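Here are some questions and answers for a reader new to this structure. Please look over the sequence and the model before starting.

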Amino acid sequence: MTADDMVKALVPPPQFKTASFDSYIPDDDYPSQAEAVEISRAFANDVKGSSSSGRGFFSRILFSKKSSTSKPGVYLDGGFGVGKTHLLASTWHAYPGRKYFGTFIEYTALVGALGYQNAVKAFTGASLIAIDEFELDDPGDTMVMSKLLGELVATGTCVMATSNTPPNALGEGRFAAQDFLREITKLADVFETVRIDGVDFRRRAVEGAAVVTPADEMDAAVSARAEAGETVSRDSFREIVDHLAQVHPSKYVRMLDGIDTIAIDDVKELTNQAEALRFVAFIDRVYDAQIPVIASGHPLDQIFGGGMIEGGYRKKYLRSVSRLIASTGAAATTLVKNPA
């Protein structure tokens with residue numbers, strides 16, 4: 001992937017390709033959801049002047065029930081499963097001009113691949129930077145992103161972000177606004193914080209378990225999908241983990257081009273933090289692409305060993321566990337695309 005390819009890949013994932021404000025259905029029991037839709041829609045549509053007029057970020061006026069102040073940023077603060085990413089993608093689709101959408105990990109990986117100054121050059125002039133799952137567990141990455149956003153906002157770019165609330169962690173970190181505003185320091189005044197209450201509709205997934213395919217059934221499972229016309233990748237878990245160490249995380253998305261199903265043999269527990277974090281980044285791309293996973297060996301939702309899931313990157317691992325459960329469940333419950 002070239003630098004240009006990496007930047008162009010920053011678009012909403014397939015499941016949010018057609019997301020809109022109208023397709024977000026607020027829960028009447030939680031009025032903050034309907035208000036979040038109104039604020040997000042206003043942020044995307046209520047333009048006073050343009051960034052090219054030289055007015056900088058003051059060209060974007062955000063109207064809300066709580067405030068009428070000018071804000072070049074919106075921070076959606078809420079629990080997992082209340083529709084933050086849907087609203088982020090809806091805003092991106094409705095927003096005029098050159099714009100980018102990616103997870104915090106994707107942006108930091110791209111800065112690492114391009115270098116800071118080249119990243120600033122690539123994003124300068126963008127009308128909107130949309131950041132999903134803003135991470136706060138790595139001070140270095142947080143400082144880099146805060147500096148980058150500060151430079152971009154100063155030149156007229158607007159920003160919308162969601163929190164890094166862990167998926168269904170039983171309320172842990174449910175509202176992260178104060179942590180977010182504290183960590184981004186100088187950027188705190190840039191953001192209008194929008195709190196979204198609601199029930200986590202994916203809780204059942206986290207309380208479930210990853211589906212394990214017996215080793216002696218892997219051949220048949222892979223063959224059935226291949227015979228139905230799917231493109232199935234098949235590697236051992238160790239081969240995948242070792243390969244990820246040789247590829248920059250910003251390029252993981254290209255590894256998945258043309259793949260319909262991923263088959264993984266002989267899954268083992270991970271105790272190396274670097275390997276585990278690379279695998280988390282890879283699974284984020286797999287989940288975004290909605291690719292089912294067939295796996296044998298150790299349950300994929302139990303691979304983060306050695307006390308890692310209780311450590312500083314707990315939120316990342318919990319999110320990955322949820323996505324691994326969903327991805328293996330999709331393989332077990334969905335039909336192949338072209339059944340014989």
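Q: Where does T213 lie?
A: This is a predicted model. In it, α8 covers residues 203-207 and α9 covers residues 218-227. T213 lies in the loop between α8 and α9.

Q: Is T213 buried or exposed?
A: A residue counts as buried under 20% relative accessible area. T213 has a relative accessible area of 15%, so T213 is buried.

Q: Which residues does T213 touch, not counting residues up to four places away in sequence?
A: Residues up to four places away in sequence are left out of this list. With that limit, T213 touches M218, I294, A295 and S296.

Q: How many helices and strands does the protein chain have, and what percentage of its residues count as buried?
A: The protein chain has 13 helices and eight strands. The chain has 340 residues. The share of them that counts as buried is 53%.

Q: Among contacts between residues at least 6 apart in sequence, what percentage join residues at least 24 apart?
A: The contacts considered here are those in the protein chain between residues at least 6 apart in sequence. Of these, the share joining residues at least 24 apart is 81%.

Q: Which residues does F304 touch, not counting residues up to four places away in sequence?
A: F304 is one of the residues that touch the most other members of the largest nonpolar core. Leaving out residues up to four places away in sequence, F304 touches L270, A276, V280, I309, Y317, S320, V321 and L324.

Q: How are α2 and α3 oriented to each other?
A: Helix α2 (residues 31-45) and helix α3 (residues 84-94) have axes 9 Å apart and pack at an angle of about 25°. The contact involves A36, V37, S40, F43, A44 and N45 of α2, together with L87, T91 and A94 of α3. Angles under 35 degrees count as roughly parallel. The two helices are therefore roughly parallel.

Q: Why is α4 largely enclosed by the rest of the structure?
A: Helix α4 spans residues 104-114. Its buried residues are F104, I105, E106, Y107, T108, A109, L110, V111 and L114. Helix α4 is largely enclosed because the buried ones number nine of the 11 residues.

Q: What is the phi of D266?
A: Most residues other than glycine have a negative phi. D266 is in strand β7 and is partly exposed, with a relative accessible area of 42%. D266 is a residue other than glycine with a positive phi, near 55°.

Q: Where is the place of Q290?
A: Q290 is also a residue other than glycine with a positive phi, near 55°. Q290 has a relative accessible area of 45%, so Q290 is partly exposed. The place of Q290 is in the loop between α12 and β8.

Key:
Residues are numbered from 1 along each chain as its sequence is written. This is a predicted model: local features need pLDDT of at least 70, side-chain atom pairs count only at pLDDT 80 or more; totals for chains, interfaces and linings use all residues. Side-chain values use heavy atoms; hydrogens and water are left out. A nonpolar core is a set of buried Ala, Val, Leu, Ile, Met, Phe, Trp, Tyr and Cys residues joined through side-chain atoms within 4.5 Å. Buried means under 20% relative accessible area, exposed over 50%, partly exposed in between (1.4 Å probe, protein chains only). Contact means heavy atoms within 4.5 Å. Helices (H or I, at least four residues) and strands (E, at least two) are DSSP runs, numbered from the N terminus. Axes are lines fitted to C-alpha atoms, for helices over the stretch in contact, and angles run from 0 to 180 degrees between N-to-C directions. Angles under 35 degrees count as roughly parallel, over 145 as roughly antiparallel, 65 to 115 as roughly perpendicular and the rest as oblique.
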